[in-house]
Amino acid sequence: MKKIFVLLVFYLVTGCLFAQKTLMVEKIGTTRKYFYHAGDYLKLRVTTKDTLLKGKLWSIHDSLISVSELRPFDVRLKDIGSVYKTFAFPRKFARNVSIASGAIFVIIAFNHLINNEQVFTPDMFILSGSLLGVSLISWSLSEKRCNTSKGWKVKVLNINVN
């Protein structure tokens with residue numbers, strides 16, 4: 001029994017020592033939460049210097065984080081004005097639809113050249129332009145601004161969140 005108790009205490013102590021810190025951005029009063037670990041891409045606006053930092057989250061401490069662009073910049077948690085959450089699917093969708101828009105434009109132009117027709121026709125601009133518009137809308141919806149003055153809060157957690 002004594003050995004089991006010692007092993008249990010050793011397990012709990014080592015589990016607390018190796019816990020990874022997590023940066024959590026949450027909307028107060030709702031269940032919306034975004035988690036960031038060291039090494040994740042992060043984009044945030046700092047209020048004191050009015051700068052926009054983009055880069056990897058270098059380290060997380062109790063009251064400050066380090067964001068590395070060319071070199072790590074230390075930012076206190078209370079100086080964070082907004083955190084920008086990026087969503088991967090709308091960004092990839094926007095890129096693929098814009099490539100498809102350009103491909104359709106080139107294919108229709110090539111078809112008109114082969115058939116000795118007028119190269120630039122309204123149907124060509126309608127098809128490729130509508131796809132380009134879908135791409136721009138999707139790209140604009142791929143990022144969400146979490147403003148700390150409008151109900152969002154930045155916290156540091158000392159537990160693993162998967």
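Residues are numbered from 1 along each chain as its sequence is written, and side-chain values use heavy atoms, with hydrogens and water left out.

**View 1. How confident is the model, and where?**
The pLDDT is the predictor's confidence in each residue, on a scale from 0 to 100. For the protein chain the mean is 89, and 93% of the residues reach 70 or more. Confidence is lowest in H1, with a mean of 69, and highest in helix H2 (residues 88–114), with a mean of 96. Where pLDDT is low, the predicted coordinates should not be read in detail. The helix and strand labels follow DSSP runs, numbered from the N terminus: helices are H or I with at least four residues, and strands are E with at least two.

**View 2. The sheet with 6 strands.**
Here 6 strands make an open sheet in the order S6-S5-S4-S3-S7-S8, with antiparallel pairing. Strand S6 (72–76) and S8 are at the edges with a single partner strand each, so one side of each has no neighbour in the sheet. From one strand to the next, the twist averages 40°; the angles here run from 0 to 180 degrees between N-to-C directions, using axes fitted as lines to C-alpha atoms, for helices over the stretch in contact. Two strands count as paired if DSSP finds at least two bridges between them.

**View 3. Strand S3 and its partners.**
S3 and strand S4 (residues 51–60) run antiparallel and are joined by 6 bridges. The two form a hairpin with 4 residues between them, and Asp50 in the turn has a positive phi of about 50°. Strand S3 (residues 41–46) also pairs with S7, in the antiparallel sense, over 4 bridges. Follow the partners in S7: Lys43 has Tyr84, Leu44 has Val83, and Arg45 has Ser82.

**View 4. Strand S7, mostly covered.**
How many of the 7 residues of S7 are buried? In strand S7 (residues 80–86), 6 of them are. Buried means under 20% relative accessible area, exposed means over 50%, and partly exposed is in between (1.4 Å probe, protein chains only). S7 pairs with strand S8 (residues 143–147) as well, antiparallel over 5 bridges. One of the facing pairs there is Lys85 with its bridge partner Lys144 in S8.

**View 5**
Side chains of opposite charge can pair when their charged atoms come close. A salt bridge here is a side-chain nitrogen of Lys or Arg within 4 Å of a carboxyl oxygen of Asp or Glu, and by this rule the count comes to 5. One of them joins the side chains of Lys43 and Glu143, at 3.3 Å from N to O. Lys43 is in strand S3 and Glu143 in strand S8, 100 residues apart, so the pair links distant parts of the chain. Lys43 is buried, at 12% relative accessible area, while Glu143 is partly exposed at 28%.

Strand S1 (residues 22–27) is joined to S2 by 4 bridges, and Leu23 stands opposite Tyr36 in S2. Glu26 and Lys155 form a salt bridge, with their closest N and O atoms 2.7 Å apart. Glu26 sits in strand S1 and Lys155 in strand S9, 129 residues apart. Glu26 counts as buried, at 11% relative accessibility, and Lys155 as partly exposed, at 29%.

**View 5. Lys21 meets Asp62.**
These two form a salt bridge, and the closest N and O atoms are 2.8 Å apart. Lys21 is in the loop between H1 and S1, while Asp62 is in the loop between S4 and strand S5 (64–68), 41 residues apart. Lys21 is partly exposed at 25%, whereas Asp62 is exposed at 57%.

How values were computed. This is a predicted model: local features need pLDDT of at least 70, side-chain atom pairs count only at pLDDT 80 or more; totals for chains, interfaces and linings use all residues.
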